[in-house]
Amino acid sequence: MHNYAIAEIGGRQFRIEEGEMVVVPRLQEEVGATVTLDKVLLLNKDGEVKVGMPYLDGVAAEAKVVDHHKSRKVFVYKKKRRKHFRKSATSRQHLTTLEIATLGS
């Protein structure tokens, strides 16, 4: 059985496991810092599943900040036919890579 949890990080939900690398929206912590993920929605430990309403009390996961980077470039192109309107833009999201150290109790 794999032990895993569903945690809310940066307003989005991620499935996390010990030793796993997770790419999440940019966090303010420095590279090498330890982050406590206390918004755990679900915990599956040794086949026993706990579900929070919405979060589990007293359950947290520890993660280490490995890297800050940007996503690949996304191109956005808008056009209106017969109106001589064309507009293009690009976007790159700021991301953080976390290494999950421990899952909560």
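Lys45 has Glu48 in strand 6 as its bridge partner. Strands here are DSSP runs marked E of at least two residues, numbered from the N terminus. This is a predicted model, in which local features need pLDDT of at least 70, side-chain atom pairs count only at pLDDT 80 or more, and totals for chains, interfaces and linings use all residues. Residues are numbered from 1 along each chain as its sequence is written, and side-chain values use heavy atoms, with hydrogens and water left out.

Strand 5 and strand 6 run antiparallel, joined by four bridges. Two strands count as paired if DSSP finds at least two bridges between them.

## The four-stranded sheet

Strand 5 also pairs with strand 1, antiparallel, over four bridges. Ala5 has Leu43 in strand 5 as its bridge partner. The open sheet has four strands in the order 2-1-5-6, with antiparallel pairing. Strand 2 and strand 6 (48-51) are the edges, and each pairs on one side only.

Strand 5 is mostly covered, with five of its six residues buried. Buried means under 20% relative accessible area, exposed means over 50%, and partly exposed lies in between (1.4 Å probe, protein chains only).

## The nonpolar core

The largest nonpolar core has 20 residues. Such a core is a set of buried Ala, Val, Leu, Ile, Met, Phe, Trp, Tyr and Cys residues joined through side-chain atoms within 4.5 Å. Ile9, Ile16, Val24, Leu37, Leu98 and Ile100 have the most contacts inside it. Elements giving two or more residues include strand 1 (4-9), strand 4 (34-37) and strand 10 (94-102).

Contact means heavy atoms within 4.5 Å. Leaving aside neighbours within four places in sequence, Ile16 touches several residues, among them Tyr4, Val22, Leu37 and Ile100. In soluble globular proteins, nonpolar side chains tend to be buried together.

Strand 8 and strand 9 (residues 85-91) pair antiparallel over seven bridges. Val76 stands opposite Ala89 in strand 9. Four residues separate the two strands of this hairpin, and Arg82 in the turn has a positive phi of about 65°.

Ser71 sits in the loop between strand 7 (61-70) and strand 8 (74-80). Ser71 counts as buried because its relative accessibility is 17%. Beyond its neighbours within four places in sequence, Ser71 contacts Arg92, Gln93 and Leu95.
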